[in-house]
Amino acid sequence: MKLRVKFSKHGAIRFIGHLDVMRFFQKAIRRAEIDVTYSQGFSPHQIMSFAQPLSVGHESNGEYMDIQVNSLVSCEDVKNRLNAVSVEGIQVLSVIELPEDATIAMASVAAARYTVAFREGREPKLDIPNVLTEFLAQEQILYTKESKKGSREMDLKPGIYELNYEPRKGFLMLLDAASGSNIKPSQVIEALLANYGEELQENALLVTREDTYTNIGSEEEPKLVPLDHPTLTKEA
Amino acid sequence: MNNHLALSDDILMKIEKPARYIGNEVNAVYKDKSKVEVRFCMCFPDVYEIGMSHLGIQIIYDMLNRFDDVWCERVYSPWLDLDAIMREEKIPLFALESQEPVKDFDFLGITVQYEMCYTNILQVLDLAGIPLLTKDRTEEDPIVIGGGPCTYNPEPIADFFDIFYIGEGETQYRRLLDTYKEYKAQGKSRQEFLFAAARIPGMYVPSLYEVSYYEDGTIAEFKPVSPELPSTILKEIEMNVSDTFYPMKPVVPYIKATQDRVVLEIQRGCIRGCRFCQAGQLYRPVRERDVEVMKQYAMEMLKNTGHEEISLSSLSSSDYTQLPELIDFLIKECGPRHINISLPSLRIDAFSLDVMSKVQDIRKSSLTFAPEAGSQRLRDVINKGLTEEVILNGAALAFEGGWTRVKLYFMLGLPTETEEDIRGIAELSNKIAATFFETVPKDKRVNGKVQIVTSTSFFVPKPFTPFQWAPQSTKEEFLDKAYLTKKAITEQLNQKSIKYNWHEADASVMEGVLARGDRRLGEVILKVYQKGCFYDAWSEYFKNDVWMETIEECGLSVDFYTTRERSLEEIFPWDFIDAGITKEFLKREWLKAQSETISENCKRKCHGCGANRFGGGICFEERTDA
């Protein structure tokens with residue numbers, strides 16, 4: 001049986017990296033005595049797939065991991081067991097059962113929603129509400145990606161599905177998060193500031209991933225829903 | 001849970017592995033600080049991943065936190081990146097749980113597991129804002145208490161500690177803390193408390209003892225400043241090992257620690273009496289834990305941690321009398337749960353090979369032998385009761401069973417060692433390779449070959465061993481010996497199957513100075529620290545030239561501590577510590593070593609080491625043929 005576990009990550013735990021969150025869940029699943037399925041072979045491991053790594057320092061209300069179990073009392077039972085052995089800061093929000101032929105979490109990610117605020121004292125001078133419409137109306141939104149191999153210019157526009165700004169809350173954005181075309185929230189803000197001659201200060205952003213989405217429509221007519229959407233469950 | 005962190009987000013985002021500094025791990029203990037009377041911070045002076053792998057700290061952490069009036073927290077050496085930031089920004093060292101400054105605690109407990117961590121002790125004190133020297137501390141500072149194997153010769157670090165707890169932690173902490181509470185309630189001074197502490201069994205308060213030297217640098221006299229204080233300090237020992245403190249809920253780190261597994265300590269002590277081995281002497285007598293208790297601990301700890309591996313811990317697991325029963329149980333219980341069993345320190349024989357074939361992937365695992373010396377003569381000198389016949393038979397059995405990788409551990413620079421002994425290392429490695437080709441027919445050889453990895457370390461004589469009188473080799477001698485080993489291996493018929501590794505010699509020389517050092521080395525340790533030395537246990541950060549130059553500046557000599565042959569009458573810096581074994585016994589063993597005479601293990605014969613004074617353990621069991 002395939003289960004999809006949705007969890008949040010807050011507080012001090014935001015400094016635990018992705019691989020260590022995986023290790024945390026492998027141990028939590030054993031503490032919770034969940035009848036998880038192991039791979040075959042001489043060094044079996046729990047069958048587990050994470051939707052998308054979360055950057056160190058980011059918080060989240062919508063992380064997903066898929067696991068396989070051999071037996072199941074109920075999804076609610078798995079959720080309660082995991083929460084009973086978890087640490088404060090990592091909370092299981094929901095568990096759903098997926099159909100046997102479901103695409104694994106990692107392969108099905110299409111987008112992610114973020115709220116992004118500036119740290120106190122690191123806000124830019126730019127009058128964001130005033131320029132945002134103009135910024136988004138451009139034909140291309142260019143961002144220069146620096147890597148070890150050199151810099152590469154990319155167009156962010158096709159991957160920005162929603163971008164709003166509320167003075168007190170900060171940015172609300174829905175971005176392409178599919179592997180290969182993933183856009184980071186900081187890239188959007190860097191591009192915005194660069195467009196108006198400003199630079200993002202170091203460690204200026206407070207990022208929360210609000211949820212992770214998959215596309216249940218078509219490529220031409222996408223319909224983005226959270227990874228725990230009722231239409232994805234086994235019953236549906 | 002504590003979401004207030006001592007380090008800012010900016011720092012945590014900048015440094016390597018921020019998870020080292022945020023606490024909040026599974027099973028970490030949080031208490032209401034307003035409801036406890038004693039705040040204790042337990043420290044392992046090395047990086048988090050190493051410190052978190054240490055069983056001793058987990059035992060004390062668990063024990064102290066079972067006391068309602070105490071909150072024990074943890075701290076480790078900040079890694080170099082954070083160390084620099086904390087100095088620059090003047091951030092005081094903090095405990096992981098409360099994230100509050102260590103300086104505000106009642107106690108800072110430091111476990112001292114190896115000599116090369118001495119400068120890290122100073123790093124921890126310094127970052128905490130605690131004066132480095134006990135004499136400079138005030139009523140505002142925590143009581144700095146040390147423990148662990150290196151504190152059996154505490155003298156090189158005597159200036160930095162208020163108290164040393166000599167021996168096993170389970171027995172006297174309650175009494176020490178009660179005394180502390182009593183003195184605090186009465187408004188008594190730090191000095192008054194230390195004086196009272198010095199009269200609790202096992203407690204050594206270095207500032208209350210004076211040492212004088214002869215002109216040649218050896219010790220003339222060592223005595224307490226008051227007749228009310230004991231002149232020797234007997235180690236503490238837990239004789240009831242099956243019914244004492246043990247951490248059923250060890251802390252589980254987020255990042256991968258060196259020991260990422262449940263550790264089950266099945267016994268303390270070792271019957272073997274290898275003459276180079278300090279642990280084998282310090283932890284006498286052998287005390288086995290009840291197998292039923294071990295089974296219950298194993299299951300409970302696996303459940304509470306979620307670890308995917310369990311390891312048995314002891315100096316020689318094969319000597320645990322209930323081993324077959326315990327292993328059967330673990331195989332039965334762990335198999336279906338996909339939990340790995342790790343069995344270090346097993347002698348290679350039919351039983352252990354059978355067990356290993358059940359718990360490991362033979363193709364991936366390797367066999368380990370520790371002959372320690374290359375010839376039977378030298379193995380008799382060091383009392384390593386492992387013969388060539390046993391090794392070759394074990395290897396043959398293993399090769400028949402499908403193993404193709406063998407690791408061999410030896411020491412260079414052992415007392416009485418000759419070139420012939422060294423060549424014996426190469427010859428034994430060669431014979432094991434030959435055994436493979438004789439045992440396994442051509443068509444059954446996996447990849448057609450066998451892989452022997454021969455490693456040598458340099459022998460460092462340690463206090464409380466029969467070799468405490470022995471001269472240590474110089475750096476040049478060490479390197480010559482390693483060169484000779486390498487050359488002898490290349491001359492072997494099967495040299496292509498043998499890979500040879502050896503260690504750096506510099507650190508072994510320094511380790512030797514500190515291991516058998518005296519109080520005068522405190523000045524050296526302080527000075528090298530002030531010159532920027534720490535993390536000396538990490539070869540990439542060990543600055544040998546700074547140590548050498550500082551020893552000279554302080555008017556001391558490396559040779560005095562290392563290569564000098566000590567007379568049987570000499571008073572050693574650690575002689576006032578009573579580790580349970582008598583100096584007479586060690587002398588007898590030293591003389592037997594020189595006459596190449598072995599001493600049988602404790603199970604077969606009692607050699608009157610003195611550990612029977614503790615009234616239990618193997619000393620009172622019937623002799624057998626083990």
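Biologist: How many salt bridges does the rule find across the interface of chain B and chain A?

Modeller: The rule finds seven salt bridges there. A salt bridge here is a side-chain nitrogen of Lys or Arg within 4 Å of a carboxyl oxygen of Asp or Glu.

Biologist: What kind of model is this?

Modeller: This is a predicted model, where local features need pLDDT of at least 70 and side-chain atom pairs need pLDDT 80 or more, while totals for chains, interfaces and linings use all residues. Residues are numbered from 1 along each chain as written, chains are lettered from A and ligands numbered from 1 in the order written, and side-chain values use heavy atoms, without hydrogens and water.

Biologist: Back to the salt bridges. Which residue does A:R30 pair with?

Modeller: A:R30 forms a salt bridge with B:E308. Their closest N and O atoms are 3.3 Å apart.

Biologist: New topic. How many aromatic pairs are there over all chains?

Modeller: The count comes to 42 aromatic pairs. Rings of Phe, Tyr and Trp (its six-membered ring) pair if their centres lie within 6.5 Å; planes under 30 degrees apart are stacked, over 60 edge-to-face, and the rest tilted. B:F467 and B:W590 form an edge-to-face pair, 5.8 Å centre to centre, with 75° between the planes.

Biologist: Where do B:F467 and B:W590 lie?

Modeller: B:F467 lies in the loop between β17 (451–458) and α15 (475–490) of chain B, and B:W590 in helix α20 (residues 583–594) of chain B, so the pair ties together parts that are 123 residues apart in sequence.

Biologist: Are B:F467 and B:W590 buried or exposed?

Modeller: Both B:F467 and B:W590 are buried. Buried means under 20% relative accessible area, exposed over 50%, and partly exposed in between (1.4 Å probe, protein chains only).

Biologist: What about B:I551, buried or exposed?

Modeller: B:I551 counts as buried, at 2% relative accessibility. B:I551 is in helix α18 (residues 544–553) of chain B. Leaving out residues up to four places away in sequence, B:I551 touches B:M510, B:V513, B:V524, B:L556, B:S557 and B:V558. B:I551 and B:V513 are 38 residues apart in sequence and 10.0 Å apart in space, C-alpha to C-alpha.

Biologist: Now the backbone. Which residues does a cis peptide bond join?

Modeller: A cis peptide bond joins B:R284 and B:P285, with omega about -5°. B:P285 is in the loop between α8 (279–282) and β12 (287–288) of chain B.

Biologist: What is phi at B:N383?

Modeller: B:N383 has a positive phi of about 60°, although it is not a glycine. B:N383 sits in the loop between α12 (376–381) and α13 (388–400) of chain B. At 5% relative accessibility, B:N383 counts as buried.

How values were computed. Helix = DSSP H or I, 4+ residues; strand = E, 2+ residues; numbered from the N terminus. Contact = heavy atoms within 4.5 Å.
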